[in-house]
Amino acid sequence: SDATHSMAKKCLTCGAEEVTDSLDKKLLQCSRCHKAKYCSVDCQKQDWKRHKDECGALKDAKLMQQVQKGAAQIDPDDMALVVRSPRITITRCRDPDGSVYTQRKVGDLRGMDSACWCTDVGTSPESMVAVFAFDPSHLDHVPKPADEFEMNSHKKQWEELPSEVISAFGVQLSIRVCDRLGALGLMFAEKPSDPPAPLSSAHGTDLRVTHFFLEGADARGLALPPPMPRGRFANKNPPNSAMAIFCGVGDCMAACAGSLSDLPRVTMGALRAAPFAPSSNASAGADDTTPMIAIALLVEKCNSVETPEQFEHAVTRGLLHGMHAEQKPEQAVSPYAEIAAREGFRKLLETTGTAEVPVVGLAHVPEPAA
């Protein structure tokens, strides 16, 4: 297109034109979409807020074209088509750092026998509860993004802190946390099976995770994620439930967690009291007065997924939930989560029939920078 052509010929911020036979005047290329060009890093950063959505669309279009044409330059071990139908195309990719992510390109969802699962939260006959607790000061000991451009860069220069592994209905999950420009970044990462399942696998376990933050002197209260520092949930509680199908490939599921400064803290002493059972890692280096961020997780097994058709149906339900939250932010939190936030931790115990709750900590504690 003319827009793409002009994008490739001049700096998108200041308009400086590229001189192809001069090394001093060759433009820098966006490492994500490989289309946008800039004369300097400063110009690239200035344009990121505008280019961000365009960049994602260009990257997605390029990846989809490569999948559909079976482009020879893509290593088949690093990219796979999982589902392709008139309703949705689903691919998986493996980044250079080994992380796996799922991409979804939505088509025509009309006539799809599916609906948002908001009202299903807390109703699964197979559910469990666990707590992940960590000292938030440990986030100061690892690299973090300096700005939104760096946070969304393809070459990630910041770190996530992983938790000990939680076993949930055959899925080995680790919770990863990081500081995302003042917000708590929260990811649920699957430990790949041994050997890892192929990226094209559509056979797995459909899990729904609803998270809260423990609060109060006895750590028995439940708080919903506070409003985000920016974005559509800046003045509202963001959704605290997410669903994904884990197939043994090492996929990740992101969740909204809210502003770090607004998250409640509880003491390690409260976490050592019944019904909590902290692991040695959760307790390491923390005395009874240490303020901790403690994330309570309700993990529900929704279904076993065995075919591409079932995989498509489950993914579509997740998309519908996300669309519901975006269109009606005031309904982003499920009715069950609203009730649990009022009744406290005992609601999770009643839901799961649990007597004692495991409390996991970080897999490793980072050393302070020298």
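Strands here are DSSP runs of E with at least two residues, numbered from the N terminus, and helices are runs of H or I with at least four. With that in hand, here's a quick tour of a predicted model. The chain has eight helices and 18 strands, and 48% of its 370 residues count as buried. Take contacts between residues at least 6 apart in sequence: 69% of them join residues at least 24 apart.

**The cavity**

- Searching the whole structure turns up one cavity of 30 Å³ or more.
- The largest cavity holds about 30 Å³ of space.
- Its lining is made up of Ile166, Leu173, Ile175, Phe188, Val209, Leu297 and Val299.
- Two strands, S9 (171-180) and S17 (291-305), each put at least two residues into that lining.
- As background, empty space shows up when a probe the size of a water molecule is rolled over the atoms.

- S3, S4 and S5 make an open, antiparallel sheet, in the order S3-S4-S5.
- The edges belong to S3 (79-84) and S5 (100-106); each has a single partner strand, so one side of each is left without a neighbour in the sheet.
- From one strand to the next, the twist averages 20°.
- S4 (residues 88-94) and S5 pair in the antiparallel sense through seven bridges.
- If you want a residue pair to look at, Thr91 has Gln103 in S5 as its bridge partner.
- Helix H6 (residues 308-327) lies across S3, S4 and S5, and runs at about 95° to S4.
- Glu312 sits in H6 and is buried, at 6% relative accessible area.
- Glu312 and Ile88 are 224 residues apart in sequence, yet their C-alpha atoms are 7.6 Å apart in space.

**Cysteines**

- Across the whole structure, the search finds zero disulfides.
- Why no bond for Cys14? The closest cysteine sulfur, in Cys39, is 3.5 Å from the sulfur of Cys14, and a disulfide needs the two sulfurs within 2.5 Å, so that gap is too far for a bond.
- Seen from the other end, Cys39 is in no disulfide either, and its nearest cysteine sulfur is that of Cys14, 3.5 Å away.
- Cys14 is partly exposed, with 48% relative accessible area.
- Cys39 also counts as partly exposed, at 35% relative accessibility.

- For context, a negative phi goes with most residues other than glycine, and most peptide bonds are trans.
- The peptide bond joining Asp194 and Pro195 is cis, with omega about 0°.
- You'll find Pro195 in the loop between S10 (183-190) and S11 (204-215).
- Leu181 has a positive phi, near 55°, and is a residue other than glycine.
- Leu181 is placed in the loop between S9 and S10 and is partly exposed, with a relative accessible area of 23%.
- Ala219 has a positive phi too, near 55°, and lies in the loop between S11 and S12 (221-223).
- Is Ala219 buried or exposed? Ala219 is buried, with a relative accessible area of 0%.

Terms used. Residues numbered from 1 in each chain as written. Predicted model: local features only at pLDDT ≥ 70, side-chain atom pairs only at ≥ 80, totals over all residues. Heavy atoms only, no water. Buried < 20%, exposed > 50% of the residue type's maximum accessible area, 1.4 Å probe, protein only. Pairing = 2+ DSSP bridges. Axes fitted to C-alpha atoms, helices over the stretch in contact; angles between N-to-C directions. Contact = heavy atoms within 4.5 Å. 1 Å grid on protein atoms, 1.4 Å probe; cavity = no way out; pocket = protein on both sides within 12 Å on 5 of 7 lines; lining within 4 Å. Points joined across faces, edges and corners; volume = space filled by probe spheres on them.
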